[in-house]
Amino acid sequence: MEKFQAAPPDSFCALLKDRIDLINIPFTERGSRLMVLRNEHSLAIRLAERWLKIDPRLSGYRFRPPLIENLVICDENEQPLPFTEVITYPHLIEIHTPKGEFVLTFVDPESLLLTLPPEKFGLRFTVHVNHGQTDRRGGVLHMLGDIRRNIAYTTDRPLAKNQITLQHPYEINVTLLFEAGPSSAMLFNITPRLGFNRYVPDPQRTLNEALQRWEEWFRAVPPVEGIYKAQYYYAWWIMRAGLISTRFFTTREAMVPSKPFYVGIWQWDAFFHALAYRHINSRLAQDQFRVLIDHQREDGMLPDAVHDEGTITHLDFPVDADVTKPPILGWAAWKLYESTHDQQFLKEIYDAIVHWNTWWFSQNDADGDGLCEYHHPYSSGLDDSPLWDEGMPVTSPDLNTYLYLQLEALAKIANVLNLDQDARHWQSQARSLLLRMIERLWDAQAGLFWPYREGKPVRILTPFSLFPLLTGNLPALIKTALVQHLTDSTEFWPAFPVPTVALSDPHYDPNQMWRGPTWINVNYLLIEGLERSGYPKLARDLRQRTLDLVNRNRDIVEYYHPETGNACDKAAHVFGWSAALFIDLVLQEQSNIPENPDTTTLSEIPRPS
């Protein structure tokens, strides 16, 4: 293969040169379960698949060895060669060695092509399978048993050596020596299918096609210039790289929260992801809803998550209860409609939203007070929040705010569909729910909405006590009190707001998931709450702080330290809803011109005496 230009200087792929570090950020492709990662001088290929028959832990796939590892390039004496330079782009990896340049790219979601220089050299790698055989063009390897995965390696270059050695029951070493000759390629096909792809395509054409796929994706997104440009297009890389193809219960092409960390389609993640996809592909956005609705239970409940092998609707840890996610379906569906004006989609999902809403009120109001409770910590999405430390169920202001938004969305959808009686019913239900929230959860002395458990307030200070701002219909005194808490630098307004537990609360831990770090979805919702409640200037301030927080880090992660702004050590990398909501906030910032600008500054917000 002749020397090629990896990416034109003015291309989007050139803009994202070396953003994929191959350590925390894998090289992957739309629809693929393959992730290419790097050690110092070797590559590994992991699979974004759970394999519960081998390891029943939900995150077990993160701890098992890669399917292919220790892939090293050798000289003709089988001595490993160093990687003198590794350069990444969205569409390829360049590997420079003393034997020349190797380039790795995707042919399709299950096939990787490695270009080979003309010199004589070798390859060595380990495959975690239990059966294999060589042939003239390479070899075929199988994992036989409960989990079946097939690997074929195929080359169009003459081989001086092609040897496989069984080291352990699930470990085969492969050693190859290539004769000198014209530039050529080697194909790796990793598949659960019975048939293989062993057709070695033209390398230059394959590289051009890979570049074209990514460039077409980036060209389709709303253009952005300025300080957020590079991170904005990196966020769009995450939105494409995180997609997996349909397989068994995964009925639609959908995005996982993070291929290296969370394999599956989680409910509220999917709805947040759709908020970005609505700007580029309405069908893809809609399918993030359908993949959950496809598995709606007869009683109306939507699953917590959908995996290839099934759905999660019940867990026996840390409590034994049905498990789902917060009811933001209606709210997100209405946002999608505002972008697409697709009435057919509203007709398609209206009954599902109604059924989902009915489940909440019929199955989650154990004390009959008209407010719903979380019965499982994970149903809140705030898995390890201290709000659940004393047990379940908990009547929480965030949950009932989501339900208010869902009732409001149902009323709007019913109006579009000319269901006038339904619209009036949902409007009435929303008003009644808000009055009950104020009556039962509002503490005028504290200036907060408290969660309740067994009739007593859970006095842990979190931003979820401020979420009723999202209704946009609170009395002025309540709005003022909530905003006072939000903008208090000792509580929720550090350098990088909004912490998920107030800085002043003894439960605050800035490094532990929902016990202190700043999450982008919390900020996104509070920005909307401020806008709806008449604080557009403050909303813009929080939006800019949120954008700057994401923009200052190289990767886009699950959660951030609210005081330093750094990505937290335990946070998942390449995180989907952080990327999706960053995209939406950038586009809001680019187009935001308030009709009735609020001139209130933080110093002018009244403080309690």
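I will start with a term. A residue is called buried under 20% relative accessible area, exposed over 50%, and partly exposed in between, with a 1.4 Å probe and protein chains only. This is a predicted model, in which local features need pLDDT of at least 70 and side-chain atom pairs count only at pLDDT 80 or more, while totals for chains, interfaces and linings use all residues. Residues are numbered from 1 along each chain as its sequence is written, and side-chain values use heavy atoms, with hydrogens and water left out.

With that term in hand, look at Arg-290, which is buried at a relative accessible area of 9%. Asp-287 is buried as well, at 8%. These two side chains form a salt bridge, with the closest N and O atoms 2.9 Å apart. By salt bridge I mean a side-chain nitrogen of Lys or Arg within 4 Å of a carboxyl oxygen of Asp or Glu. Both residues sit in helix H5, residues 282-293, three residues apart, or about one turn of the helix. Helices (H or I, at least four residues) and strands (E, at least two) are DSSP runs numbered from the N terminus. The pair also belongs to a network of salt bridges that links Arg-283, Asp-287, Arg-290 and Glu-348.

How many salt bridges does a search of the whole structure find? The count is 31.

Another of them joins Arg-213 and Glu-29, with 3.1 Å between the closest N and O atoms. This one links distant parts of the chain: Arg-213 is in helix H2 (residues 203-220), Glu-29 is in the loop between helix H1 (12-15) and strand E1 (34-38), and they are 184 residues apart.

Next come Asp-135 and Arg-198, whose side chains meet in a salt bridge at 2.6 Å, N to O. Asp-135 lies in strand E9 (residues 131-135) and Arg-198 in the loop between strand E14 (184-191) and H2, so this pair ties together parts 63 residues apart in sequence. Asp-135 is partly exposed, at 31% relative accessibility.

Last, the cysteines. A disulfide is a pair of cysteine sulfur atoms within 2.5 Å, and by this rule the count is zero. Cys-13 is buried, at 0% relative accessibility. Cys-372 is buried too, with a relative accessible area of 0%.
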